[in-house]
Amino acid sequence: LFGAAATSGSGLVVLAPSNANCVGRVDASALSFTCLVLVPRCADNSDHLFFSAAATPSGEVVFGPLHADAVCVYSDLGPSVSCVDISSTLTMDYKFAGAAASSSGVVVFSPRNADCFGEFDPATSTFECHDVTSELSMDGTGKFYGGVAAPDGRILMPPGNTDCVGI
């Protein structure tokens with residue numbers, strides 16, 4: 001049902017919807033679970049919508065698209081779920097398989113089958129796709145799996161079927 005999790009600014013564990021039609025929220029201190037229904041453009045009736053999640057310094061949780069043609073943002077305010085359409089930039093399955101937030105709040109998505117790494121700025125709701133084909137000795141599937149912010153602020157992407165760590 002859910003593909004990843006991150007902790008929001010309020011301390012709730014927020015679950016990225018993979019096959020679920022909602023964003024899950026777990027309050028560990030109260031042992032409770034709630035589900036926020038996705039906005040229609042986030043739920044495109046495909047499986048494996050989002051498969052990564054990153055908490056931003058402002059407390060939002062951003063979900064990286066696997067099959068979805070949108071980036072999904074959870075906010076404790078409301079609470080609310082919003083989605084930013086990225087179909088004019090990238091439409092394919094198995095786009096990204098990792099997300100990490102930089103100290104500036106920009107979220108970087110690790111490419112799984114995409115030929116770019118994604119960069120989403122929740123402050124401006126903008127998405128960019130930065131080509132990686134000239135940097136990699138392979139194309140195709142399973143490039144990277146996961147993402148983490150290093151202490152120096154760079155985002156590291158663990159190799160899947162590549163022969164390098166993405167930075």
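Ser75 counts as buried, at 12% relative accessibility. Buried means under 20% relative accessible area, with a 1.4 Å probe and protein chains only. Keep in mind that this is a predicted model: local features need pLDDT of at least 70, side-chain atom pairs count only at pLDDT 80 or more, and totals for chains, interfaces and linings use all residues. Residues are numbered from 1 along each chain as its sequence is written, and side-chain values use heavy atoms, with hydrogens and water left out.

Where is Ser75? It sits in strand E7, residues 70–75. Strands are DSSP runs of at least two residues, numbered from the N terminus.

What does Ser75 touch? Leaving aside neighbours within four places in sequence, Ser75 is in contact with Glu60 and Ser80. Contact means heavy atoms within 4.5 Å.

Now the rings. The whole structure holds five aromatic pairs. Rings of Phe, Tyr and Trp (its six-membered ring) pair if their centres lie within 6.5 Å; planes under 30 degrees apart count as stacked, over 60 as edge-to-face, the rest as tilted. Take Phe96 and Phe127: their ring centres are 6.2 Å apart and their planes stand at 65 degrees, so this pair is edge-to-face. The pair links distant parts of the chain, 31 residues apart. Phe96 belongs to strand E9 (residues 96–101), and Phe127 to strand E12 (residues 126–131).

Are these two buried or exposed? Phe96 is buried, at 0% relative accessible area. Phe127 is buried too, at 12%. Ring pairs also bring in Phe109, making a cluster of Phe96, Phe109 and Phe127.

Technical notes:
Helices (H or I, at least four residues) and strands (E, at least two) are DSSP runs, numbered from the N terminus. Buried means under 20% relative accessible area, exposed over 50%, partly exposed in between (1.4 Å probe, protein chains only).
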